[in-house]
Amino acid sequence: MAEETNHNQAGEVAPSTVDKQAPSVAEENAPSTDSPEATSIPTANAPDPTTANPETNPNAAKAKTAPPKREKPAGKAAGDADEKPAAAKAGAKKEKAPGVEDKPFVEFIQQDYLPALQKAIAKEGVQDLQLSFAKQKLPIVGYEKAEDCWQIAGSLQNGLRHFNLYFPEEDIQGKKAFSCNEGKKPSTLESFLIDERKITLDLLVYGIVQRLNGQKWLGRN
């Protein structure tokens with residue numbers, strides 16, 4: 001019996017030192033999965049280094065912090081911004097000064113129209129023009145019973161030629177009439193500047209000059 005035991009022991013091959021060392025070496029180089037350990041391999045679930053605590057994550061200290069956005073100060077509404085320039089323009093616009101045509105009727109005729117008409121006809125070569133302004137009967141055949149009317153009477157060529165401008169409404173913007181005669185009373189009353197929407201001093205002067213020029217009463221004819 002002792003011989004058999006010795007024989008078995010003698011026939012067995014003693015394990016080598018490599019096999020004895022293998023488990024310990026494997027454990028050292030391949031750690032157990034039971035205990036988690038951080039590795040250098042990045043994963044999708046890794047936390048953002050910028051949000052990590054710098055005390056536990058050194059990468060958080062290196063990350064740059066984005067500066068906070070500055071909110072623009074609340075401005076005035078677009079309508080308010082446009083109101084000031086519009087108001088400034090309205091205030092800067094000067095009110096139009098009243099024209100001579102806005103004067104009272106008699107004052108306008110005496111102060112402005114008669115001097116302007118005298119000057120304009122003199123430029124046409126007439127040197128003996130006589131002008132008068134009065135409210136009187138119309139010197140036209142058939143109008144003897146008509147009411148008195150404001151009129152400008154003009155004479156030239158030593159009193160041989162006459163013309164009259166009538167204002168039955170005492171308003172330069174109202175109805176107007178014209179008549180002319182040479183050596184005898186006029187028999188025709190003509191409408192004057194009826195197509196003009198607004199009568200001005202210059203237009204009243206121009207109308208008479210053109211009408212007398214049509215009669216060939218001016219110095220150029």
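Is Arg211 buried, partly exposed or exposed? Partly exposed: its relative accessibility is 22%. Keep in mind that this is a predicted model.

Let me stay with Arg211. Its side chain meets that of Glu190 in a salt bridge, 2.7 Å from N to O. Glu190 belongs to strand E5, residues 190-191, and Arg211 to helix H6, residues 201-214, so the pair ties together parts 21 residues apart in sequence. Glu190 is also partly exposed, at 25% relative accessible area.

How many salt bridges does a search of the whole structure find? Five. I'll show two others.

Next, Glu170 and Lys135. Their side chains form a salt bridge, with 2.9 Å between N and O. Where do they sit? Glu170 is in the loop between strand E3 (161-167) and strand E4 (177-182), while Lys135 is in strand E1 (residues 130-136), so this pair links parts that are 35 residues apart in sequence. Glu170 has 38% relative accessibility and counts as partly exposed. Lys135 is partly exposed too, at 41%.

Now Lys103 and Asp112. This is another salt bridge, and the closest N and O atoms are 3.0 Å apart. Here the partners fall into separate classes. Lys103 is partly exposed, with a relative accessible area of 28%. Asp112 comes out at 15%, and the cut-off for buried is under 20%, so Asp112 counts as buried.

Asp112 takes us to helix H5, where it is one of the buried residues. H5 covers residues 105-123, 19 residues in total. At 1.5 Å a residue it should span 27 Å, and its end C-alpha atoms are 26 Å apart, so the two agree.

Where does H5 kink? At Tyr113, by about 40°, shortly before the proline Pro115.

Tyr113 is itself buried. The buried set in H5 also includes Phe105, Phe108, Ile109, Leu114, Leu117, Ala120 and Ile121. Look at the spacing on the screen. An α-helix has 3.6 residues a turn, so residues three or four places apart point the same way.

What do the buried residues of H5 pack against? Strands E1, E2 (149-156) and E3, plus helix H6.

H5 is followed by Gly125, and the phi of Gly125 is positive, near 100°.

That's my tour. Over to you.

Technical notes
Residues numbered from 1 in each chain as written. Predicted model: local features only at pLDDT ≥ 70, side-chain atom pairs only at ≥ 80, totals over all residues. Heavy atoms only, no water. Salt bridge = Lys/Arg side-chain N within 4 Å of Asp/Glu carboxyl O. Buried < 20%, exposed > 50% of the residue type's maximum accessible area, 1.4 Å probe, protein only. Helix = DSSP H or I, 4+ residues; strand = E, 2+ residues; numbered from the N terminus. Expected span 1.5 Å × (residues − 1). Bend = angle between axes of the 7 residues up to and from the residue. Contact = heavy atoms within 4.5 Å.
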